[in-house]
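Hi everyone, thanks for making time for this. Let me put the model up on the screen, and then we can walk through its side chains together.

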Amino acid sequence: MTTISRAVIAIAIVTSGGACGNSHADGIATAGRADRIDKQTSPMIKVQPIAKEALCVTKGAARIGEPVTQPTLRAFAHDTSGEAASLTFTYRGETEHTRALASGQERRQLGLKLRAANGCNLVYVMWRLDPKPKLDISVKYNPSMTTHKQCGASGYQKVKPAEHIAVPPLVIGETHTLRAEIDGDQLTVWIDDQPSWRGPLPAHARELSGPAGLRSDNLAFDLVAFSAPAEPATRHAGVERACREEDSD
C-alpha cells in the first residue's frame, strides 16, 4: 500500500477489549464496508494546538515536541473539549521494554481519548498494529466508577464501523496525524486527511463528558503536536481535573 508521510485521523471510540482492554461485550452496528467511505468528508470541529504545560500526564512521561519512550502513556489536556482531537507523531518503533495490560495482553497501539471523564468512562480511538494495522474504537463505560482500582479492565464495548478503509502500516521515521471527532452520535476518524472510519457510538456515550487526551502502549514516537477544541475549565461538571499519577490499565 502507498506509504503516507502525514496522517490526519478523526476518531470516536467504543471498545469491548478491542482498543484498550479486556471485555466480552458485543460490538454494535453492522460490520464495516471496506473502501466505501465518502472521501469528501472533512472535519467540522475546529481544534488548536495545546500548550506544553496544558498536557497532564497521568502515567508514563511525555512532553509536546519530545520523544515518548516508556511503554505506557496516559494523558489528557486541561481546558479542552473531548468532542474532537488530533495527534501528530513521528513513529520510532516499539519501546525497548514492553508492558502487558491488565488482561495480560501486550498491545502495540497509540491513539486518542475523547470525552475522557476519568479512567473508567471515555471513548478510545486507537491505531492498533496487532495482529494487523487497524483502527480500534471502543467506549469504556462504568457508571459511578472513577478509578482503575474500581473498574479495572471492565466496561469496554467495541464499536464496529458502518464504513471504513484499510489502515496503512506504521513505518519508522514517518510522521502521521490521527484525528477524530464526534458529531451527535457519529464518530469519524481521519488518517492523513483521508476519512478512514465512520460509525455510530452507543447511546450511553452521550452521558460521557470530559477533555481530550492520548494513550499509547509499547510504541515509541516523537510527540510532535496534540490539538483539541478549547473548553472552559468549568464546562465538565464533576470531572476529575487534578493532574496526578494514576494506576491505570
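Arg74 and Asp217 meet through their side chains in a salt bridge, at 2.9 Å from N to O. By salt bridge I mean a side-chain nitrogen of Lys or Arg within 4 Å of a carboxyl oxygen of Asp or Glu. Before going on, please keep in mind that this is a predicted model: local features need pLDDT of at least 70, side-chain atom pairs count only at pLDDT 80 or more, and totals for chains, interfaces and linings use all residues. Residues are numbered from 1 along each chain as its sequence is written, and side-chain values use heavy atoms, with hydrogens and water left out.

Back to our pair. Strands here are DSSP runs of E, at least two residues long, numbered from the N terminus. Are these two partners buried or exposed? Arg74 is buried, with a relative accessible area of 2%, and Asp217 is buried too, at 1%. The cut-offs are under 20% relative accessible area for buried, over 50% for exposed, and partly exposed in between, using a 1.4 Å probe and protein chains only.

Asp217 has another partner: its side chain also meets that of Arg215 in a salt bridge, 2.8 Å from N to O. Arg215 is buried, with a relative accessible area of 1%. The charged end of Arg215 also sits over the ring of Tyr124, 5.0 Å from its centre; the rule asks for NZ of Lys or CZ of Arg within 6 Å of the ring centre and within 35 degrees of the ring normal.

How many salt bridges are there by this rule? The count comes to 11. Among the others, Glu163 pairs with Arg198, the closest N and O atoms being 2.6 Å apart. That one links strand β11 (residues 163-164) to strand β14 (residues 194-200), with the two residues 35 apart. Both Glu163 and Arg198 are buried. There is also a network of salt bridges linking Glu94, Arg108, Arg128, Asp130 and Asp136.

Now to the rings. The structure holds three aromatic pairs, where rings of Phe, Tyr and Trp (its six-membered ring) pair if their centres lie within 6.5 Å; planes under 30 degrees apart are stacked, over 60 edge-to-face, and the rest tilted. For Phe89 and Phe221 the centres are 6.2 Å apart and the planes at 75°, so this pair is edge-to-face. Phe89 is in strand β6 and Phe221 in strand β16, so the pair ties together parts 132 residues apart in sequence. Phe89 is buried at 0% relative accessibility, and Phe221 at 1%. Together with Trp127, they form one aromatic cluster.

Finally, the core. A nonpolar core is a set of buried Ala, Val, Leu, Ile, Met, Phe, Trp, Tyr and Cys residues joined through side-chain atoms within 4.5 Å. Which residues touch the most other members of the largest one? Of its 43 residues, they are Leu187, Val189, Leu223 and Phe226. Strand β16 gives the most to this core, with five residues. A second, separate core has six residues, including Tyr124 and Met126.

Terms used. Helices (H or I, at least four residues) and strands (E, at least two) are DSSP runs, numbered from the N terminus.
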